[in-house]
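Student: Could you give me a close look at one part of this model, and then show me how the rest of the chain is put together around such spots? I would like the cut-offs too, please.

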Amino acid sequence: MLPPRTLTLVPLLMTIFGAGCESVASVPGALTSTPKSPWSDAAAGVHDARLATLCTDAWEYRMASDPVGAMLLGDPRYLGRLPDNSQSGSGANIARIGEFMRRAEAIPTFELADKDRTTLRFLYDAWKLELDEHALGIDVASWNIDPRGGPQLDFLTLAEDQPTVTTAEREALLERWEAMAVFVDRARANLRRGLSAGRVTSRNAATEVIAQIDGLLATPCEKSPLVIAAGGGGTWTARPDGETLGEVAKRTRTAESALEAANAAAEREPKAGTTWIFVPAADDSLSPIERGRFAHAVRNVVRKDVYPAMRRYRECIHDEVLPRARADDRPGVSHVAGGGAYYRLCIRRHTSLDLVPREIHEIGLAEVAKIRAEIGELGQKVFGTPDVAEIQRRLRTDPALHFTTAAQIEATARATLARAEAAVPGAFGIQPKALCTVVPIPLHEAPFTTVAYYREPAADGSRPGRYYVNTYEPTTRPRYEAEVLAFHEAVPGHHTQIAIAQELGALPLMRRHSGSTAFVEGWALYTERLCDELGLYSSDVDRLGILSFDAWRACRLVVDTGLHSLGWSRAQAIDYMKQNTLLAENNIANEVDRYIAWPGQALAYKLGQREILNLRAEAQATLGGNFRLADFHDRVLENGAVSLAALREAVERWIARGGTGRAGT
């Protein structure tokens, strides 16, 4: 899974401009002059001059309007900014997208080569989705909150990636942190605007976000990732009343002179409360006084501005949103004014297909029935019974089939990734250069999120791809799903596909760093069974993990449409997934809450996988002995995350040429 990003206004690898993408005109910390762009290849591979200019302008706008996303890609120009999440900023953004659309419509498609035509269509379709959503008047940012994303989580995650090596970078961090309170207050204003329009989030989402904010505020700001990010490896320690600086030095094994220098910039503490001392790291590249000034400045911003803004945000959700939130018996967007039309747009956005909810629901029911039969067949082999309920009971309750420690989960993820990296290259011609690492999901996020997710590498190679695995409550984490999870999120799933896309130097940057959810998630789901073909699963029990995950994604077609179109309750969705997957029950509840908060996204996996499997079957049937699996994979991956329709056109052209050459898009 790729996580939602409410601070990254362009959801990388989903759509070009995410819902709520904003202008930067009024962002605190905005630069008065824009440094030179580090991107010389924004229009790489584009032949038409008009389209090349459009690609370059669109990319530069994306970097400026999505400063967090720009940082994650390695663009250092906007490190002091946050997105403008104001209503006026949203209007300015829509105006800019409209301008891009008019320029795109002025380029005659018949004059373009196939590759340029695909790029133009790629841009146009994404922009049209944003304009169509704006025309609905649904204003999602004003009512939909999500415990898997939002300032209460995203600020803390941002802290681990914000650079602080140079003086300019440290100044930028302080500017960005100073902008956080404004961002949160605007989010609060947006929620009130939604309430005035009669639109409100689900009760469970509001309750979980309140719990997350409570956890944040219960943490002394000195122990917050926001303050730790400024410490250069140093730490904060509470200083009991009466303890001398010399005693602190002795206790922390730090020179008293270093402590004195590092805390020279400390403000006078309030009479009530804990006194905190900053303890610089012995190997810090900065002097104690330089580090101390920075650390105390950041701590003061978090204590005086960010935490109070979070309290105001929490009060708004608790006192104003929660009493009017959609109850668990009507959690779907069909219960929001205009929600039916919005859900159909979400289906288009995430699947790139024009399907109606009932049609998707029926596809899901058929897929679930097929996979249940496979579970019964393999269960007979593993447990001596074809009864799905009994197979579920054994998998969910046998302690031997679950982890006991977080370290075991992390070690299994690393070992599985290493095995895949060694074996998978034989099935691919194109290989990614970027590495992939395993990272535990931070504790502030783990109780509320799914089993794992992936974050892409930095485009400049400064940061590898990261497979985040949930190690929270390890005894609830099944061993039989660990291998399939790693294959999906890392290699040959998300990391392989996304890293390859980023490294396609003959494509414009907009295509390398964004695209169709159905392609991205469909590919990752496709690789789960591919790894069985490649002999990568350790046992039949691990193969039950394949069927569990496939049933999970098939259930999504039923549950997502049930929730958002057919009037299902939260309990009904949870019960359906309990009956038809092998997932642990705590994961099922988190998953259903994710579908409620993120309409349509869960449909992308199974629909994308089905299309890739169909194309592979067509290629094998037509090409016969000329079919090579590595060639097929290269043809699928060589054009970035295009829509499913564009993927079909490309692969069918390759098939028509007898399986030779590139797909040519």
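**A loop residue and its setting**

Tutor: Happy to! E473 is found in the loop between strand 5 (465-469) and helix 16; helices (H or I, at least four residues) and strands (E, at least two) are DSSP runs, numbered from the N terminus. Please keep in mind that this is a predicted model, where local features need pLDDT of at least 70, side-chain atom pairs count only at pLDDT 80 or more, and totals for chains, interfaces and linings use all residues. Residues are numbered from 1 along each chain as its sequence is written, and side-chain values use heavy atoms, with hydrogens and water left out.

What makes E473 worth a look is its backbone: phi is positive, about 45°, although E473 is not a glycine. Most residues other than glycine have a negative phi, and most peptide bonds are trans. E473 counts as partly exposed because its relative accessibility is 40%; buried means under 20% relative accessible area, exposed over 50%, and partly exposed in between (1.4 Å probe, protein chains only).

R253 also has a positive phi, near 55°. R253 sits in the loop between helix 9 (245-252) and helix 10 (256-262), and a relative accessible area of 82% makes R253 exposed.

R148 counts as buried because its relative accessibility is 4%. A polar atom of the R148 side chain lies 3.3 Å from the backbone oxygen of D593, while one in the N144 side chain lies 2.7 Å from the backbone oxygen of A597. N144 touches T201, A597 and P599, leaving aside residues up to four places away in sequence; contact means heavy atoms within 4.5 Å.

Now for the whole chain. Its secondary structure comes to 25 helices and five strands. The radius of gyration, taken over C-alpha atoms, is 25 Å, close to the 26 Å that the globule rule gives for 665 residues, so the chain is as compact as a globular protein of that length. That rule is 2.2 Å times the number of residues to the power 0.38. Buried residues make up 59% of the 665 residues. Among contacts between residues at least 6 apart in sequence, 78% join residues at least 24 apart.

Technical notes: Polar contact = N/O pair within 3.5 Å; in protein donor to acceptor, adjacent residues only side chain to side chain.
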